[in-house]
Amino acid sequence: MLGSIGYYFIVRSVLIHELDDALKVEEAEILSHVHSLDELPEPSSYRDQQISFAPAATPVRRQFINITRWEHHRHDETQPYRQLLFPVTVKGKVYTASVTKSEEETEDLLEWIMLVTAGMIIILLGILFMANRLLLRRIWQPFYQTLEGLRRFDLTKKESIAHTPTSIEEFRDLQTAVEQMTEKIRKDYEMLRDFTDNASHEMQTPLAIINSKLDLMIQDQELKEKHHRQLQAMYDAVGRLRTLNQSLLLLTKIENNQFAQAAPVDLEILIEKKLIQLEDPIRVKHLNITTDVQPCELQMNAYLTDILLNNLLGNAIRHNYDRGALDIVLRQEFLRISNTGAALPFDPATIFDRFTKGGHSEGTGLGLAIVKQICDNYGHVLTYSYEENQHVLRIQFTPPMTGTGRPSEFRQNAVLGLSHE
Amino acid sequence: MKLLIVEDEKALADSIYSYLQQENFVCEIAPSYTGALEKIEQYDYDCILLDINLQDGNGLQLLKTLKSNHKTDGVLIISARNSLEDKVSGLHLGADDYLPKPFHLSELGARVAAIIRRRHSAGSNFIRLEDIQIDIQARSVAVSGRFLDLTRKEYQLLLYFAYNKGRVVSKNAIAEHLWGDDTGGADNYDFIYTHIKNLRRKLEEAGAGDYIQSVYGMGYKLTIP
């Protein structure tokens, strides 16, 4: 804007200067006429140039001035004029000579120059804009790729952000910086994961020692009954530590995707088997179990599926009333397990968080966190609700993507299955 | 019967030693990879208890050496790394069994006894406890030739006691043996009580002696007089 205003004034002053030069030429002609003939030339009045003389008492100072005049023949508009006043002396008498030139032409010219320039600029801008869009898209392509990569970046996956080689230094720097940053984040994350893993593992041996010493101690026939009670408490505490430790390890392993091998699992059959496995606690609590199951086959890791059902059903039994109800509904799209039981003593929104449990619960508080993690890994949606005095846990299955389950996974799983026997 | 305990945690090795010593096993302890290597090359053992993570080497390497020397010692891997990969690779290398830490000594005892029975009394699938005979192949129990109708859990219990006879087996160990890590908590003790009561009743009805005693409500012990 300032630039265009400046441009206008510069062009204008150049044009005025041209006009002044023309006035000076006239002045020189008049002066040479006066000099050679010692008389005033004829005053003239043309449309674009008027020359006039007026007697003056004292010589006027030579100057350029801008004046405006009414133009009657042009709808009473004022028109700008450029006038040169200078003194002329003829036969001892002093006159003021004025040469006036219309600025109209100059204004017209200026207008045209401005119009043409503006037009050029607009066309240029348009071309620039189009070229920019095309060029930018190509030039910034590596940037957008990096951005997209950052957006899709998943710490738990081993994929690094893809880069196309670029000759632009800034983008190369960006790519290197992003690469280094993600590498560092990944390393830190892995270190943290390894820490949990190692800490849990390191705890196993001391636990094994405590456990074995307890096992030896109870062999002692001189122990009194009060000792037995204390030993029992120690046993239970060690047992809880052990379960806690194993649950933590399991969580890290699931997070690490160490159970990637998937095979078709038949939930209908697995639920049936699980209920037989859990018949003891079900019998002791006199639970009334109703099952409404339809065939449902999922592509999942067999071990994780077992844990999933175990934790869900185990919870539904443990947190149930005596002679309570446990309902299982299985469809191709979802699994719904509901059981009677007192309302949660904590905020239901935190039910899937780690270490969330009722005050007197013997559990680790990790059971449902593990279920949630397993569901997350497979994209299944796990929800909890409390309806009519019933705890309802529902898993909405995500249909497996086609093309999953490579032959090698099946083979590996078969090996693992054997080792479970 | 000769056992080798390869374990660098002295406290744990001592516990295992004391527990297994009672069952007429002759136990030796190798506290390091090199120590174990020496012993393995010199002697034959009925069963080697092998810790994978040793200070100066990997237990799996010992297992490889053992197999490449065509030794027939039974091997039970004890590992703090309860990972399927370790388990799979150990069993692939020819180990007989895999037991993750922490474990109950009674569980260890049962596994060792099972390995030795499989290795030694080739063909003999029977365990005798006075008048009780357990057929491991057929998973059946007979008292003086008369078969008992035992549930799966009752059978597992009896076999577990048989492998740990003369020693107190804690309720925690029994719960873990019967249910694994599935249903934790004290709930299990009630089920154990029910199963043991039924087992004793069935044995008694068949005319067997009452060999299973409760020890202060903390565990059980099978003693053959």
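**Close-up views of a predicted model**

**View 1. A buried lysine, Lys221(B), without a salt bridge.** Lys221(B) is buried (under 20% relative accessible area, with a 1.4 Å probe and protein chains only), yet has no salt bridge. A salt bridge here is a side-chain nitrogen of Lys or Arg within 4 Å of a carboxyl oxygen of Asp or Glu. The nearest side chain of opposite charge is Asp220(A), 9.6 Å away; Lys and Arg count as positive, Asp and Glu as negative, and His and the chain ends are not counted. This is a predicted model, in which local features need pLDDT of at least 70 and side-chain atom pairs count only at pLDDT 80 or more. Residues are numbered from 1 along each chain as its sequence is written, and side-chain values use heavy atoms.

**View 2. Surroundings of Lys221(B).** Lys221(B) lies in strand 14 (residues 219–222) of chain B; strands are DSSP runs of E with at least two residues, and helices are runs of H or I with at least four. Leaving aside residues up to four places away in sequence, Lys221(B) touches Gln221(A) as well as several residues of chain B, including Gly166(B), Arg167(B), Tyr211(B) and Gln213(B). Contact means heavy atoms within 4.5 Å.

**View 3. A patch of negative charge on the surface.** The patch gathers Asp48(A), Glu105(A), Asp108(A) and Glu111(A). Its members have over 30% relative accessible area and no salt bridge, with like charges joined within 9 Å; the place of a charge is CG of Asp or CD of Glu. Asp108(A) lies in helix 2 (residues 104–139) of chain A. Asp108(A) counts as partly exposed because its relative accessibility is 38%, between the 20% limit for buried and the 50% limit for exposed.

How values were computed. Chains lettered and ligands numbered in written order. Patch = residues over 30% accessible without salt bridge, like charges linked within 9 Å, V, L, I, M, F, W, Y side chains within 5 Å. Areas by Shrake-Rupley, 256 points an atom, 1.4 Å probe, with all protein chains shown as cover.
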